[in-house]
Amino acid sequence: MRKRIVVGALVVLLVLVGAAAVAVSTVWKPESREQIAARLTGTGKRLTEAGTARVTFTSEMKPQLGGRKVTLQGTSLVRFGDRPSWETTYTQIAATGHPTLQAKGVHVDDDTYFTSPSMVAEDGRPWFDSHTLADWGSGFSDPDLGVSDLMVWQRFLDDVSEQIAANGETDELPDVKGAPHEYRFRCTPNHDVFCPPPFRTSLDLVFNRVVPPLFSVWIDDAGRLRRLDVETSVLYVDDGRGTDDGYQHPQDEWEIRTSFTLDQFGTPVTVTAPPADRITQSRQVNLKASA
């Protein structure tokens with residue numbers, strides 16, 4: 001009888017040990033290079049599956065050789081998909097030596113509209129589209145440049161090569177709660193054919209050279225982008241043809257630092273263009289005298 005008990009105990013012990021070994025091997029099974037890369041390049045797909053998100057941003061532009069600086073801060077409510085749309089509240093649009101402004105922006109289909117309590121059109125209508133000449137105090141504080149729009153930068157993550165995506169995995173970035181998967185890489189035109197430019201915004205018209213951006217990326221266990229930091233610089237190189245395209249081109253190189261934090265995935269978001277009778281027909285929108 002005692003022998004049977006001992007044998008039975010050994011069988012149970014072996015089963016438990018085997019189960020534990022299977023569990024350990026499952027937990028610690030290393031990811032393949034393809035899986036590591038796919039997590040980064042799949043962020044766009046995961047965001048589309050999530051449907052919506054709140055995006056909090058801070059963006060800065062400043063020339064390398066000067067003390068001027070432009071800062072944009074605010075929050076966007078974004079609907080992801082083949083044609084993303086978003087509504088943005090700019091709590092701060094500040095340029096050195098100019099008044100600090102607040103504004104709202106709406107991007108629907110391929111159109112972007114803005115309104116600001118500090119700006120006025122001749123016909124008194126509060127909204128204006130991105131093609132309207134607008135006095136933002138500084139040409140580089142114009143939100144239509146797209147520096148503070150998440151989708152301008154996120155799409156480059158989807159097109160990163162597998163080699164750069166896999167090599168970009170790191171554990172050296174500051175921790176972001178709920179986003180344990182970290183990547184840091186520089187997109188390189190020699191490897192990534194979709195590396196900037198173009199940005200597909202008016203940034204391409206003001207500047208015609210881009211230093212390959214450095215991306216820092218944080219992703220959660222569901223594969224959703226939780227934070228994105230971008231560092232790059234842009235400049236305009238005169239080709240000598242003297243083309244007058246109507247844009248203010250800087251003489252020096254401008255650094256860009258922009259950071260996005262994503263949360264509230266799946267929250268209902270409705271984005272609609274302003275009514276046509278609220279959109280100015282004036283050619284220019286100016287700062288109010290008290291701004």
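These are my notebook entries on what I looked up in this structure.

**Basis**

I am working from a predicted model, in which local features need pLDDT of at least 70 and side-chain atom pairs count only at pLDDT 80 or more, while totals for chains, interfaces and linings use all residues. Residues are numbered from 1 along each chain as its sequence is written, and side-chain values use heavy atoms, with hydrogens and water left out.

**Overall make-up**

I looked up the secondary structure and found six helices and 15 strands, where helices (H or I, at least four residues) and strands (E, at least two) are DSSP runs numbered from the N terminus. Of the 291 residues in the protein, 43% are buried; buried means under 20% relative accessible area, exposed over 50%, and partly exposed in between, with a 1.4 Å probe and protein chains only. I also noted that, among contacts between residues at least 6 apart in sequence, 65% join residues at least 24 apart, a contact being heavy atoms within 4.5 Å.

**Strand pairing**

I followed strand β1 (residues 52–63) and found that it pairs with β2 in the antiparallel sense over ten bridges; two strands pair if DSSP finds at least two bridges between them. A hairpin of six residues joins β1 to β2, and Thr52 has Arg79 in β2 as its bridge partner. β1 also pairs with β14, again antiparallel and over ten bridges, and there Val55 stands opposite Leu262.

I then turned to an open sheet of three strands, whose order is β6-β15-β8 and whose pairing is mixed. Its edge strands are β6 (119–121) and β8 (133–134), each of which pairs on one side only. β6 and β15 (residues 284–287) run antiparallel and are joined by three bridges, and Met119 has Leu287 in β15 as its bridge partner.

**Cavities**

The lining of the largest cavity consists of Val55, Ser76, Val78, Trp86, Ser148, Asp149, Leu150 and Met151. I recorded five nonpolar, two polar and one charged residues in this lining, with Ala, Val, Leu, Ile, Met, Phe, Trp, Tyr, Cys and Pro counted as nonpolar, Asp, Glu, Lys and Arg as charged, and the others, Gly among them, as polar. β2 (70–79) and α4 (150–158) each supply at least two of the lining residues.

**Ser148 and α4**

I looked up Ser148 because it is one of the lining residues and is buried, with a relative accessible area of 2%. Ser148 is found in the loop between β8 and α4, and, leaving aside neighbours within four places in sequence, Ser148 is in contact with Phe57, Ser59, Leu72, Tyr90, Thr258 and Phe260.

For α4 itself, eight of the nine residues are buried, so this helix is largely enclosed by the rest of the structure. Its buried residues include Leu150 and Met151, both of which also line the largest cavity.

**Thr232**

Thr232 lies in strand β13 (residues 225–235) and, at 5% relative accessibility, counts as buried. Not counting residues up to four places away in sequence, Thr232 touches residues that include Trp153, Val211, Trp254 and Arg257. A polar atom of the Thr232 side chain lies 2.5 Å from the backbone oxygen of Val211. I also noted that Thr232 and Met61 are 171 residues apart in sequence and 9.8 Å apart in space, C-alpha to C-alpha.

**Positive phi**

Arg200 is not a glycine, yet has a positive phi of about 70°. Arg200 sits in the loop between β10 (181–186) and α6 (203–206) and, at 64% relative accessibility, counts as exposed.

Gln264 likewise has a positive phi, near 50°, in a residue other than glycine.

Methods: On a 1 Å grid over the protein atoms alone, a cavity is a set of points where a 1.4 Å probe fits but cannot get out, and a pocket is an open set with protein on both sides within 12 Å along at least five of seven lines; lining residues have an atom within 4 Å of a point. A polar contact is a pair of N or O atoms within 3.5 Å; within protein, one must be able to donate a hydrogen and the other to accept it, and residues adjacent in sequence count only if both atoms are side-chain atoms.
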